[in-house]
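Please look at the sequence and the structure below before reading on.

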Amino acid sequence: ANQIKKYIDHLGFDEFILFNDNDMFNGQYLKELLKPTLSVYYIRDYLICQDYFKRNGIRAERTLIEKSDLVVANSVFLKEYAEQYNSNSHFIGQGCDLSIFQRSINKNAEKQPKKVIGYTGVLSSMRLDHELLLNLCEKMPEYHFSFVGPMDKCFAASPLHNYENVTFHGLHPKEDMPKYIKTFDVCINPQVVNMLTKGNYPLKIDEYLAMGKPIVSTKTIAMKMFKEHVYLGENLEDYIRLIQLAIQENSPEKEKQRIEFAQSHTWEKSVGLLWKYINQVA
């Protein structure tokens, strides 16, 4: 608080808004110590389900939510969680920088001998359904599965490495993602449903949509807002059926609709909602 106060004085701020980005511990007493005009707590992850935060975070975050003047969240699930303790809690969506994906949508990808089902992102057993992927790759040998991203211990030791129709490309910078997504016929987001994932905003879905790709994803609370543009499934049978359906139904018109939907998730829109709720409180 003393460090923040030092720079508030240096900048000559008489009035200011305290914006706390999901820091329930360091931010616990900043409202009392800094005396802002308005205090805003922003939630973008359900951190208290993780072991590191669980012991003290359940109490600490609840207290911080209760005493904040305004709480905003990037998913409906997190908004409803905060609303239990502060009625002035609102969903403001998620801003996305999709510029590198938008620049790539018109570039033709090299044709593959098999239809490619792809995933980009961290391969973590805390977030992804490893068992579902094992069965999916085994049951669909006529498709090639492409995974781009770093792996945890579970995925590093996975039998998937022995499957002829599976390729792991490893860790690559974000700037490389469009060139891989271009090769995918269907993008997947095979999440395991738990407290960490069910309310988490899936930024990768916007990245897939920005390139017009058909998507099959696990049905979660956070995915409800994407239901008009993403095929949502709950089990292996759903994934097999929906991947086939996504390929059959794909069209230039559907690709256009997906791109337009992704482009509506801008930082301007998200921050605009933030200022709307700030002005209602101020």
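V40 has L70 in β3 as its bridge partner. Strand β2 (residues 38–43) and β3 run parallel and are joined by four bridges. Strands here are DSSP runs of E with at least two residues, helices are runs of H or I with at least four, and both are numbered from the N terminus. Two strands count as paired if DSSP finds at least two bridges between them.

The model is predicted, so local features need pLDDT of at least 70 and side-chain atom pairs pLDDT 80 or more, while totals for chains, interfaces and linings use all residues. Residues are numbered from 1 along each chain as its sequence is written, and side-chain values use heavy atoms, without hydrogens and water.

Four strands make up this open sheet, in the order β1-β2-β3-β4, with parallel pairing. At its edges are β1 (17–21) and β4 (89–91), each pairing on one side only.

## The six-stranded sheet

A parallel open sheet of six strands has the order β7-β6-β5-β8-β9-β10. Its edge strands β7 (166–170) and β10 (231–233) each have a single partner strand, so one side of each lacks a neighbour in the sheet.

Strand β5 (residues 115–120) is joined to β8 (residues 186–189) by two bridges, and the two run parallel. G118 has C187 in β8 as its bridge partner.

## Residue S75

S75 lies in the loop between β3 (70–73) and α4 (76–83). The residue is buried, with a relative accessible area of 3%; buried means under 20%, exposed over 50% and partly exposed in between, with a 1.4 Å probe and protein chains only.
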